[in-house]
Amino acid sequence: MTKAVNESLPTSAVTEKIKLSLTKRHRSEMMFKSTGLAAVVLGFILVFVLLFDITSKALPAFHQHWVQLEVDFSEDNLRYSEGISLEDLRYRSTLRKAIANQFPDVKSRRDKRKLYGLYSTNAEFAIKDFLIANPNTLDTIQNIWVRVDDDVDIYLKETTSLGEPLVRVDVKEAQWIKSLVETGRIDKRFNIEFFTSSDSREPELAGVRGALTGTMLTMLVTLALSFPLGVAAALYLEEFAPKNKWTDMIEVNINNLAAVPSIIFGLLGLAVIINIFGLPRSAPLVGGIVLTLMTLPTIIIASRASIKAVPPSIREAATGLGASKIQTTFSHVLPMAMPGILTGTIIGMAQALGETAPLLMIGMVAFIVDVPASITDASTVMPVQIFLWADSPERGFLAKTSAAILVLLGFLFLMNASAAYLRRRFESK
Amino acid sequence: MTTANLVFIVMLIALASYWLGIQRSIKVAGGKQQVKHLVSLPSQYGLLTAFWCGIPAILFLLLWSAIESSVIDAFLIDQVILSADGQVQQNMGLVVNNVKLLAEKITLSEDLSAATELQLQNAQFYILLNEKATLLKTLLTLVIAVGCVSSILAKIKHSFHARNNLERIVSGLLFTCSGIALLTTIGIVMSVLFESIAFFSQVPVTEFLFGTQWSPQIAMRADQVGGSGAFGAIPLFVGTILISTIAMCLAIPVGLMIAIYLSQYATKRIRSIAKPMLEVLAGVPTVVYGFFAALTVAPIIRDFGLLIDLPIAAESALAAGLVMGVMIIPFVSSLSEDAMTAVPVALKEGSLGMGATQSETVKKVILPAAIPGIVGAILLAVSRAIGETMIVVMAAGLAANLTFNPIESVTTVTVQIVSLLKGDQEFDSAKTLAAFALGMMLFITTLALNIAALKIVRKYREQYD
């Protein structure tokens with residue numbers, strides 16, 4: 001094309017033509033560059049919106065409102081007499097009397113029922129525990145703090161003018177809450193129970209301890225299985241494997257496994273590990289095995305890269321001094337490759353930590369109140385807990401879900417940061 | 001003794017035999033100073049002894065646990081037949097199960113009044129059988145462990161090549177570990193294949209592949225022979241394609257532009273803050289994206305629809321697809337950036353030297369040269385989108401609508417797998433088996449995409465190396 005132009009036009013005319021087109025070309029250059037920049041900025045905006053959205057939804061969950069009730073532990077109220085265990089007293093009615101005394105003008109049955117809904121359903125157990133812990137308070141009047149109901153809690157967190165109705169709190173309830181606040185009987189406290197209690201149907205009582213413990217157990221199983229298996233497989237493929245069809249097949253296999261959707265591993269766990277091997281459903285043991293199979297390719301690929309990066313001179317020096325292949329591998333190559341292997345393992349574990357889909361298949365999705373004590377107990381894990389709470393209709397769970405996500409992201413951040421630190425530290429060497 | 005406890009005990013014995021092996025080798029050598037006369041190091045003798053103790057015992061335990069229940073069942077069936085005077089009952093499985101349940105009740109000392117004398121007898125027999133099996137298992141494991149240790153200890157002499165023996169065992173172990181990946185693949189193929197075959201014996205393949213009605217729930221309720229739910233998977237495939245398409249429409253341009261900007265324009269400082277940003281996007285668990293899609297993006301889209309008088313479904317394909325696109329952006333950008341940086345610098349410099357602008361170089365030289373790598377990246381991203389589960393489970397619907405309209409609610413293959421298998425299942429119903437057939441479709445599709453992507457990338461690499 002240019003040849004024809006060159007022949008027919010004098011050189012100055014060509015330069016002239018190019019000069020004329022330059023503005024347009026530079027404009028399109030600017031356009032292209034700013035589109036690229038816009039894409040990067042969009043990425044930043046997305047990260048910001050995602051994190052901001054979740055954090056702002058999560059913050060309310062870290063506080064919980066408590067209400068102080070004047071509980072009359074009189075023998076009359078509790079129907080106490082000699083020989084009756086403290087376990088079996090009438091705590092519910094005692095509690096109801098306590099709040100009814102604070103609002104003597106509430107008379108109708110319907111209003112009273114609303115009044116009893118101001119505090120959490122577990123308040124009666126709270127005062128029971130209090131009395132059992134302090135038996136000498138029998139026949140006295142005690143000021144006891146109990147949690148408010150989740151609707152009241154949300155109201156207190158969201159209301160702009162106290163006493164006005166809002167969403168699930170009507171005028172009367174709002175007025176009661178207002179008078180409680182004015183008499184200093186309502187207090188906002190840091191919600192430590194979010195970390196120390198397990199799942200519950202009541203949003204104000206639900207916590208992440210059970211899920212955190214389940215996650216910990218599952219991760220332990222995953223680490224204990226995937227690290228030795230992954231390193232051994234990588235060592236074999238890099239240092240020992242002969243170049244033949246079998247080795248090729250294993251390599252192709254590992255690469256393909258790395259891209260298999262995680263839910264397929266759940267199907268494998270259900271059909272083989274639970275139905276054929278008969279391991280218990282919902283157990284961290286099974287979850288750990290499934291996640292191991294899923295993370296193995298990641299660990300193997302990272303470990304192989306790290307082993308490959310060990311300079312051959314190390315191997316030759318060891319062999320030259322009379323070390324056997326195994327001795328060379330385990331005393332020289334492996335220690336030198338260890339930082340890279342550890343980085344790969346941490347990244348694999350971070351993947352496993354956030355994984356949900358395969359665990360739904362093997363039944364870790366049940367509602368479990370007890371904190372699991374061993375790897376064969378039924379349990380759930382953090383991501384599944386998030387999934388379960390996100391599905392709950394109660395509004396109180398919205399904040400809880402976001403808070404659980406923050407906890408999960410915190411762990412992920414820690415793991416990734418330590419992997420990055422390891423990588424940087426050993427790269428400089 | 002339970003298997004877990006036995007494994008623990010075997011490990012203790014292995015630890016002890018490590019020490020025994022060392023002591024024995026020192027004794028054979030004739031004192032610590034004489035160790036140099038041995039062929040191998042004392043610790044190698046120790047390790048060899050430990051391996052010889054642990055591996056056979058644990059292999060035996062595995063084998064025993066695999067066959068124990070079927071052997072006990074065989075004995076139990078014999079006993080049940082004997083106790084019923086040789087009459088083989090029709091529903092033998094039920095009788096055997098009842099006996100087992102009864103045995104459980106006896107061990108938990110629950111109420112037994114409902115059981116007959118005969119059943120009680122059989123249950124007692126079953127308990128006895130189990131006790132005997134456990135005792136035998138414990139004894140045999142211990143005998144094997146101790147026997148192996150003593151035989152290897154007796155072998156330790158001056159000329160015994162412990163190291164060579166040890167290394168053979170270790171390389172065998174390494175080899176076995178590398179086979180796990182292969183076993184996993186075989187396991188996946190077998191599990192989806194067998195259940196799918198069972199499914200296709202109830203529902204014809206053509207109906208599954210080409211049917212346009214999907215309502216697996218009917219089969220459960222009707223409970224008829226042959227099950228009558230509709231298992232036409234076309235709506236699921238269409239839904240999956242729709243959501244993946246929306247995701248790719250967002251992820252490909254944005255991811256590609258990010259890759260171009262970072263590899264061609266960005267200064268080192270911008271790169272050093274943009275890379276962690278992409279890592280955050282890539283590292284956020286999918287359940288978090290699902291939450292974001294269902295509780296933030298979907299309501300925003302619906303409100304926007306109300307604003308312009310457009311009825312948008314609460315679980316629209318748009319919300320799930322957009323958020324899935326966000327999830328895939330870092331995947332596309334990092335893979336295509338790799339492809340672009342692999343283009344030889346000479347090509348790029350040649351173009352710039354001829355007076356082309358940066359953008360002209362990118363569009364006319366770098367992108368065409370990197371296109372195989374980018375296509376590979378996109379194929380991998382598509383396979384990722386198709387297999388993605390949590391975002392669609394939380395943000396897409398359950399109803400199988402056959403539509404390409406992005407503001408309507410659709411369902412996907414992965415959503416159906418989860419909804420069919422979440423909770424308790426019976427393994428003979430078409431409803432459960434359908435999940436495995438869907439799983440097989442998913443596995444085949446993603447595998448084909450991955451293989452195609454790898455092939456394209458490999459072909460391209462050969463061009464420049």
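In strand β2 of chain A, the bridge partner of Val71(A) is Gln142(A). The model is predicted; local features need pLDDT of at least 70, side-chain atom pairs count only at pLDDT 80 or more, and totals for chains, interfaces and linings use all residues. Residues are numbered from 1 along each chain as its sequence is written, while chains are lettered from A and ligands numbered from 1 in the order in which they are written.

Strand β1 (residues 63-72) of chain A pairs with strand β2 (residues 141-147) of chain A. The sense is antiparallel, over seven bridges. Two strands count as paired if DSSP finds at least two bridges between them. Strands (E, at least two residues) and helices (H or I, at least four) are DSSP runs, numbered from the N terminus. β1(A) also pairs with strand β3 (residues 186-190) of chain A, antiparallel over five bridges. Here His65(A) stands opposite Lys188(A) in β3(A). In a regular strand the side chains alternate between the two faces of the sheet.

Chain A is divided into domain 1 (2-59), domain 2 (63-196) and domain 3 (209-427). These bounds come from an automatic or database domain assignment. The centres of domain 2 and domain 3 of chain A, taken over C-alpha atoms, are separated by 47 Å. Six residues of domain 2 of chain A are in contact with five residues of domain 3 of chain A; contact requires C-beta atoms, placed from the backbone, within 7 Å. On the domain 2 side, the elements giving two or more residues are α7 (150-158) and α9 (193-196) of chain A. This side has three nonpolar, one polar and two charged residues. Ala, Val, Leu, Ile, Met, Phe, Trp, Tyr, Cys and Pro count as nonpolar, Asp, Glu, Lys and Arg as charged, and the others, Gly among them, as polar.

The contact between the chains takes 64 residues from chain A and 66 residues from chain B. Helix α2 (residues 11-58) of chain A gives the largest share of the chain A side, 17 residues. That side divides into 46 nonpolar, 14 polar and four charged residues.

Within chain B, the axes of helix α1 (residues 3-29) and helix α4 (residues 117-155) come within 10 Å and cross at roughly 15 degrees. α1(B) is therefore roughly parallel to α4(B). Axes are lines fitted to C-alpha atoms, for helices over the stretch in contact, with angles from 0 to 180 degrees between N-to-C directions. Angles under 35 degrees count as roughly parallel, over 145 as roughly antiparallel, 65 to 115 as roughly perpendicular and the rest as oblique.

Definitions and conventions: Two residues are in contact if their C-beta atoms, placed from the backbone, lie within 7 Å.
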